[in-house]
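Subject: A structure for you to explore

Hi there,

Here is the structure I promised to pass on. Have a look around it first, and then read my notes below.

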Amino acid sequence: MNDHGKEMLDAIMRAMEIEKETFDFYTRAEHKTFNPEGKRIFRWLARTEEQHYLTLSELYQSLHKEGRWVFYGGSTVSLEPAGPDERQVAFDTDDRQALEIAMAIEKKGIAHFEELMEKTTDPQGKSMLRTLRDEEAEHLRIIMEKHNALKPAAGDRETSCTVTFRIEKDTLGEVRVPAAAYYGAQTARAVENFPISGLMPHPALVRATVLVKKCAAQANMATARLDVRCGNAIVRAADECLAGAFDAHFVVDPFQAGAGTSHNMNVNEVLANRANELLGEERGGYAPVHPNDHVNMAQSTNDVFPTAMRLAALRLAEDLRPALAGLVAALRKKSAEFDDILKSGRTHLQDAVPIRLGQEFEAWALALEKNLAAVEGAVPGLAELGIGGTAAGTGMNAEPAYIDLVVAELARETGFPLVRGANLVERMQNMDPFVALSSALKGLAVNLARIANDLRLLSSGPRTGLAEIALPALQPGSSIMPGKVNPVMAEVTDMVAFQVMGADTTIMLAAQAGQLELNVMMPVIAFNLLFSLEILKNTVPRLADACIAGITADRERCLGYLEQSVGLATVLAPYIGYAAAAEVAKESTATGRSIRQIVEDRQLLSAGRLAEILDPFPLTSPGVPGAAHQAENTTQGGDNNAGRR
């Protein structure tokens, strides 16, 4: 094992120690509290941390012995609902202190998983670590919500944990905002106005928008336009958001007001409120940091939102690309394994000429390799940013130096080769980069569905189908038919592919719906594009690892079908003529006898000549089977039709 591998094992061991420490703490906290709500939450936290520890232990053993990552699809432990007799009361003082300790522990876990993600280049490893990181962030969110909602009463006791509100004002008047919320008036209006899908914004879009705000604050401080004290508070708040601490406060439905104004203001308000807290002020006062004047300085939703869309798509595409390359590699490995297995080809779902099973797998691999190239070809268009164009692409209220600085900061933070758009007006109007990437994803989805359907067909059976290959048995397939096992990974791949194809249609329609200086349909473009990337990047490695890698072939069944295939008559046509070959094929179909048997019985070719023509492997390569021997025979004065009677 190389030094990098040892370093990774040491880091995983440290993660196991953190999870053990966290589990022990939550177990003690559950036993010590007399509060029913506290017991329920600490019990849930302990059980999920235990699951994390066991997963990491399995991972450590797998990497140590085989150098392979393990799959982790997320915790199976759900937070139990409140019991009928459980009063929603606050924790006592000691429990509140326990929550503060818990926040520190969870932040340490998040930071460690982030560090591990940076160290590994394995796509499945990154996915696993990201899932663990996101679950720790969810723990932190719930703990912080409980902690922030508590207000001390007299002595060392707490008051009832009821929902309270604060009153904020915007340009339309007063708005009630939950007291514990980090968002503000405009977000509260959006929550009330758009209860459409029940979905939250994609985490990648949230983090990308927060990152734009962070880099904008840094650029505005560099130009001396933004006060350093306020700017640093915004940056600190952004870093906490990027770590997942406030995920629960980004609440605007993806189907919202045009252009993404509500989403942009949601981020502005969360950052402003958290920045003010860091400066010793209360939420909702917006002094000294204001969501519009400071967090949104030199920006407009119209340049922030499409920039965030680009960054989020780049990030998810970065995860998809190695996953897709892994699927290509898995198919190629099977292509080599199955390269000597002869079978009957099929066209129009009817018998056709011979083919090797490995050739089918190689064709699938090449098709997906081309899809990967198409995705990679669409990525550079996303790197040209329109940030700094502000409201209409003209750059009003944005200093020229700021534009270059914010692009440079974003490039540094993301590691992407980001550049300033050559024409910021065009960057704001034109949705072509998103259409191009979505089109590439649709092309990928089309091939994934086609391949999944072929896998389902070739594995159909086990007794009454083709059954030339067998897919790994992953779960029972029927609630009524015992022993039935279905091709579930191929089926889910189909469903994902159909969703991506539909999303592409939505993106196309939304992209052409822009008017003049702005496309107000950006939120639905963002939702569909990021959702397509998300489900593809999650499906592709599962198809590779849980399906393709475990496929086995039934060599005898493949050869048996080939021997019975009327498609072999095609091989004989150059020697006995098309009409005679057609007669042989018809007799084979009518009687069930093989092509070989009928040709021998009719004495159309000698047994030796027939064996040369039907030599299996030349049948699956360019050329006329048996032609080499025929040419040799002609050179020596032989009769081209010597074998024919």
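To follow these notes, you need to know how the elements are named: helices (H or I, at least four residues) and strands (E, at least two) are DSSP runs, numbered from the N terminus. Please also keep in mind that this is a predicted model.

Let's begin with the backbone. H348 sits in the loop that joins β3 (342-347) to β4 (350-356). Its phi is near 60°, which is positive even though H348 is a residue other than glycine. Most residues other than glycine have a negative phi, and most peptide bonds are trans. Is H348 buried or exposed? With a relative accessibility of 76%, H348 counts as exposed, because the cut-off for exposed is over 50%.

Y286 also has a positive phi, of about 55°, and is not a glycine. You will find Y286 in the loop between α8 and α9. Y286 has a relative accessible area of 14%, so it counts as buried, the limit being under 20%.

P288 lies between α8 (261-278) and α9 (291-295), and the peptide bond leading from A287 to P288 is cis, with omega near 5°. Another cis bond runs from G461 to P462, again with omega near 5°. P462 belongs to the loop between α14 (432-458) and β7 (469-470).

Now for the inside of the protein. The largest nonpolar core contains 145 residues, and L327 and L533 have the most contacts inside it. Which helix gives the most to this core? That is helix α10 (residues 301-337), with 17 residues. Apart from this core lies another one, of 20 residues, with V584, A585, L610 and I613 among them.

L316 is buried, at 4% relative accessibility. Leaving aside neighbours within four places in sequence, L316 is in contact with H202, A204, L530, L533, E534 and K537. Take K537 from that list: L316 and K537 are 221 residues apart along the chain, yet their C-alpha atoms are separated by 7.6 Å.

Not counting residues up to four places away in sequence, L533 touches A313, L316, A317, L320, L437 and L441.

Enjoy exploring, and write back with any questions!

Best wishes

Notes: Residues numbered from 1 in each chain as written. Predicted model: local features only at pLDDT ≥ 70, side-chain atom pairs only at ≥ 80, totals over all residues. Heavy atoms only, no water. Buried < 20%, exposed > 50% of the residue type's maximum accessible area, 1.4 Å probe, protein only. Core = buried A, V, L, I, M, F, W, Y, C linked by side-chain atoms within 4.5 Å. Contact = heavy atoms within 4.5 Å.
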